[in-house]
Amino acid sequence: MPKKSRARMYSFLMAGAFSSLLMFSFTAPRAYAAEAPYKIASGDVLLITVYGDTGLTGTFPVSVDGTIAYPILGNITVYNHTIAEIGQTITQSLLQHIPGLSASVAVKEYAPVFVIGDVQKPGKYEYRPGMIALELFALSGGLRQASDKLDTAGIQLVAARQEYADTSLQLFAQDVKRARLEAELNEKPFEYDLASGIDTIEDKSDRQQVVDSERKLFDLRLSALESEATALQAQKKNYEEEITTLEQSTQLRNDEISLLEQNVKASQSLVDKGLTAQSTLRDTQRQLSAMRRDALEFGSFLARAKQNENAIEQRLLALRDSRSNDAAKDLRDIDLDIIRLRKKMAFIAQTMGEIGAAAQRVSSRDETVKLAFTVVRVVDGEYRETILSEHDMIRAGDILRAQLELPKQVVAKAEN
């Protein structure tokens, strides 16, 4: 093909691409997208909570054949079922083995989605319910072919993508913090598996730093808690030893008092018979009085030591309760922040799509390039590729292909 013809074809290609983007819209599919309940796909990870038996609670990945391996019940088919249907199935099945149980099911992680074809950033992306083809196309950076000049819309798109990435990192940081607080609340080790849907090595490095920071904070807080608890336990042991010594000393003094009381009686008998002097009796009585006074003083020491021991016990209980209460309060605030950040990300994604749709640079819309979408997804256990419109729903695990198709009349004109 002559250079001039190839240049004209490229011009038509660019014109059509941006004209077609201008016609995209995010508002049409949202009305029905939110109505249909989500159906489980292969690659999802389910969180199953069983009330009445915590041993049956856990996370369960959905295999390629659409099943999960569940204790007692074995393999359960969950593919293309809603979480309500799965929860009802598990509850009814468990009741046949253990009475009084009920199960609830939630999606802990969605299977990632993929973009290939004529896009800026092909690869793996995080799925969320309600996602449409145009939204995923916008997340991948739009068309791979670049314009010679950057216009205002292009700059806005770059800024929006940066804000989307920043918000995504904030959301991830809040999720890691929530995992750390849940570990503190439940007094369990802090564990966090980095999400598999990471776009770049740099993104993975940033997220790893977030996880490492929260793990370091968890270790420091736990170390401080254990150090304070150890110190309190040492104080408690000292008071226990003091109480034991005081109790033994009190018993010895009681024995001495008993002997002195016998001496006083004996001296009184001798005085009555005129066999000893009255002064001897008074000396013995003074010794008995002093011994009783010492016994009362030791009794007050013993009571104070026991009071101190009880105070240490209360501080140990308050130490654990304070940690749990602080974690529960922070979790409540984090849940609100996560909801806010997710709504913000959805708004930014919609904004990116609208900016991309407005980035057209041609005066005529008669000659356009058609941007075609197809999707590869598992149907009846097999991968099948079907045509998709920009407003069609994306399912978890889908592979979206975005490809430019040049109309026949444009090709013919470019060749002439």
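A salt bridge is a side-chain nitrogen of Lys or Arg within 4 Å of a carboxyl oxygen of Asp or Glu. Side chains of opposite charge can pair when their charged atoms come close. This structure holds 17 salt bridges.

The model is predicted: local features need pLDDT of at least 70, side-chain atom pairs count only at pLDDT 80 or more, and totals for chains, interfaces and linings use all residues. Residues are numbered from 1 along each chain as its sequence is written, and side-chain values use heavy atoms, with hydrogens and water left out.

| Pair | N to O distance |
|---|---|
| R180 and E184 | 3.3 Å |
| R377 and D398 | 2.6 Å |
| R401 and E385 | 3.0 Å |

**Around R180**

Start with R180. This residue sits in helix 5, which spans residues 152-186. Helices here are DSSP runs of H or I with at least four residues, strands are runs of E with at least two, and both are numbered from the N terminus. E184 lies in helix 5 too, 4 residues from R180, or about one turn of the helix.

Is R180 buried or exposed? R180 counts as buried because its relative accessibility is 5%. Buried means under 20% relative accessible area, exposed means over 50%, and partly exposed is in between (1.4 Å probe, protein chains only). E184 is buried as well.

R180 also reaches E214: a polar contact of 2.9 Å joins their side chains. A polar contact is a pair of N or O atoms within 3.5 Å; within protein, one must be able to donate a hydrogen and the other to accept it, and residues adjacent in sequence count only if both atoms are side-chain atoms. Salt bridges link R180, E184, E214 and R221 in a network. Leaving aside neighbours within four places in sequence, R180 is in contact with F190, E214, L217, F218 and R221. Contact means heavy atoms within 4.5 Å.

**The other two pairs**

R377 and D398 link distant parts of the chain, 21 residues apart. R377 is in strand 8 (residues 370-379), while D398 is in the loop between strand 9 (382-388) and strand 10 (399-405). R377 counts as buried at 12% relative accessibility. D398 is buried too, with a relative accessible area of 3%.

Now take R401 and E385, whose side chains meet in a salt bridge. R401 lies in strand 10 and E385 in strand 9, so the pair ties together parts that are 16 residues apart in sequence. R401 is partly exposed at 30% relative accessible area. E385 is partly exposed at 44%.

In which order do the 3 strands of the open sheet stand? The order is 2-1-5, with antiparallel pairing. Strand 2 (58-61) and strand 5 (102-109) are at the edges, each with a single partner strand, so one side of each has no neighbour in the sheet. The twist averages 30° from one strand to the next.

Two strands pair if DSSP finds at least two bridges between them. Strand 1 (residues 45-51) pairs with strand 5 over 7 bridges, in the antiparallel sense. I48 stands opposite V105 in strand 5.

Helix 3 (residues 83-95) lies across strand 1 and strand 5, at about 140° to strand 5. Axes are lines fitted to C-alpha atoms, for helices over the stretch in contact, and angles run from 0 to 180 degrees between N-to-C directions.
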